[in-house]
Amino acid sequence: MKTVTNEETSVAVLASFSKSPQRSTRRMSLESGISRTSLWRILATHKWHPYKLQLLQHLNEDDPDQRTEFAKWAKQKLEQDPQFTQKILFSNEANFYVNGEVNKQNHRYWSDTNPHWIDLSKTVGTKKVMVWCGIWGTKIVGPFFINGNLKATGYLKLLHDDVFPSLCTEAGTFPEFFQQDGAPPHYGCQVRAFLDEQFPEKWIGRRGPVEWPPRSPDLTPLDFYLWGHLKAIVYGVKIRDVQHLKLRILEACAGISPAVLLSVCEEWEKRVALTIQHNGQHIEHIL
């Protein structure tokens with residue numbers, strides 16, 4: 001394996017990555033016979049970087065306006081109460097697969113400037129577990145496991161029987177706001193009526209008192225932090241079966257410290273400000 005990094009080799013390496021910026025250094029090393037150490041040295045010397053793949057949802061025409069409107073509402077609340085973020089129960093569901101999923105850490109785009117390359121694809125799997133989780137200030141609510149496909153009736157039962165009873169504390173505190181996205185199960189009439197009772201004028205969602213902007217995973221802590229963090233831990237070992245998968249999820253949730261969740265709240269506030277600054281466009285790729 002060659003370890004040379006002379007000018008001729010450097011030009012050839014940069015030309016190769018310019019032509020195929022998604023090529024991995026491992027593959028390039030095998031094809032060229034140049035060691036990976038030399039490849040990294042050449043790229044670093046010329047200030048090339050392995051930009052990460054960003055997963056974003058395509059925005060429709062009206063989405064930026066709705067995202068800006070929501071962010072301005074959140075900013076106003078934060079100006080009135082600096083602790084506002086910790087009074088929201090952010091919630092969402094995600095699928096975890098027994099056979100794991102594509103490791104997005106392996107997706108790189110080599111360039112001397114950030115291409116802001118994104119991917120709109122979805123991962124698929126076989127045996128899976130659907131998980132509901134919430135973030136309320138410095139607490140993880142759940143996880144709760146959902147059997148089969150989630151529908152409005154099942155979602156309502158989950159909220160009524162499991163989620164909200166678990167929020168009761170000895171101090172008598174309760175979230176001031178409840179957030180959910182616009183997924184079909186969240187939009188059922190019975191679900192919205194229930195939330196109107198539990199959080200009158202204080203829940204965030206599709207057709208809620210506070211409208212949740214569609215296609216905005218970069219604005220909910222579950223999507224921009226929790227699911228990725230949990231999956232990185234859960235898939236750190238080979239998953240044997242569904243029960244093992246559930247156990248790993250429970251352990252991963254239990255291991256998240258209040259200090260980390262406080263940082264997540266601060267990150268949400270930063271994202272709110274950036275959404276306003278960038279007129280409602282996605283901000284994940286510029287963070």
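Here are some questions and answers about the nonpolar cores and aromatic rings of this predicted model.

Reader: Hello! Which element gives the largest share of the largest nonpolar core?

Author: Welcome! The largest nonpolar core has 39 residues, and F96, L226, W227 and W268 are those with the most contacts inside it. Two or more residues come from each of α4 (63-80), β3 (88-97), β6 (128-136), α7 (221-234), α8 (242-254) and α9 (258-277). The largest share, 7 residues, comes from α7.

Reader: How many residues are in the other core, the one with W132?

Author: This core lies apart from the largest one. Among its members are W132, L150, V163 and L195, and its residue count is 21.

Reader: Which residue has its charged end over the ring of F96?

Author: Let's begin with the surroundings of F96. Leaving aside neighbours within four places in sequence, F96 is in contact with several residues, including V129, W227, L230, K231 and I249. One of these contacts also places a charge over the F96 ring, 5.1 Å from its centre. That charged end belongs to K231.

Reader: How far from the ring centre of F224 is the charged end that sits over it?

Author: Here the charge is on an arginine, R271. The charged end of R271 sits over the F224 ring, and its distance from the ring centre is 4.0 Å.

Reader: What kind of aromatic pair do F70 and W212 form?

Author: A search of the whole structure finds 14 aromatic pairs. In the pair of F70 and W212, the ring centres are 5.1 Å apart and the planes stand at 70 degrees. An angle over 60 degrees counts as edge-to-face. The pair is therefore edge-to-face.

Reader: How many residues apart are F70 and W212?

Author: Both residues are buried, and their pair links distant parts of the chain. F70 is in helix α4, while W212 is in the loop between β10 (210-211) and α7. They are 142 residues apart.

Reader: Are the planes of F178 and F199 stacked or edge-to-face?

Author: F178 is in strand β8 (residues 177-179), and F199 is in the loop between α6 (189-198) and β9 (203-205). Their rings are 5.8 Å apart, centre to centre, with 25 degrees between the planes. Planes under 30 degrees apart count as stacked. This pair is stacked.

Reader: Is F199 buried or exposed?

Author: Buried means under 20% relative accessible area. The relative accessibility of F199 is 2%, so F199 counts as buried.

Reader: Which residues form one aromatic cluster with F70 and W212?

Author: The F70 and W212 rings are an edge-to-face pair, and both residues belong to one aromatic cluster.

Conventions. Residues numbered from 1 in each chain as written. Predicted model: local features only at pLDDT ≥ 70, side-chain atom pairs only at ≥ 80, totals over all residues. Heavy atoms only, no water. Core = buried A, V, L, I, M, F, W, Y, C linked by side-chain atoms within 4.5 Å. Buried < 20%, exposed > 50% of the residue type's maximum accessible area, 1.4 Å probe, protein only. Helix = DSSP H or I, 4+ residues; strand = E, 2+ residues; numbered from the N terminus. Contact = heavy atoms within 4.5 Å. Phe/Tyr/Trp six-rings, centres within 6.5 Å; stacked < 30°, edge-to-face > 60°. Lys NZ or Arg CZ within 6 Å of the ring centre and 35° of its normal.
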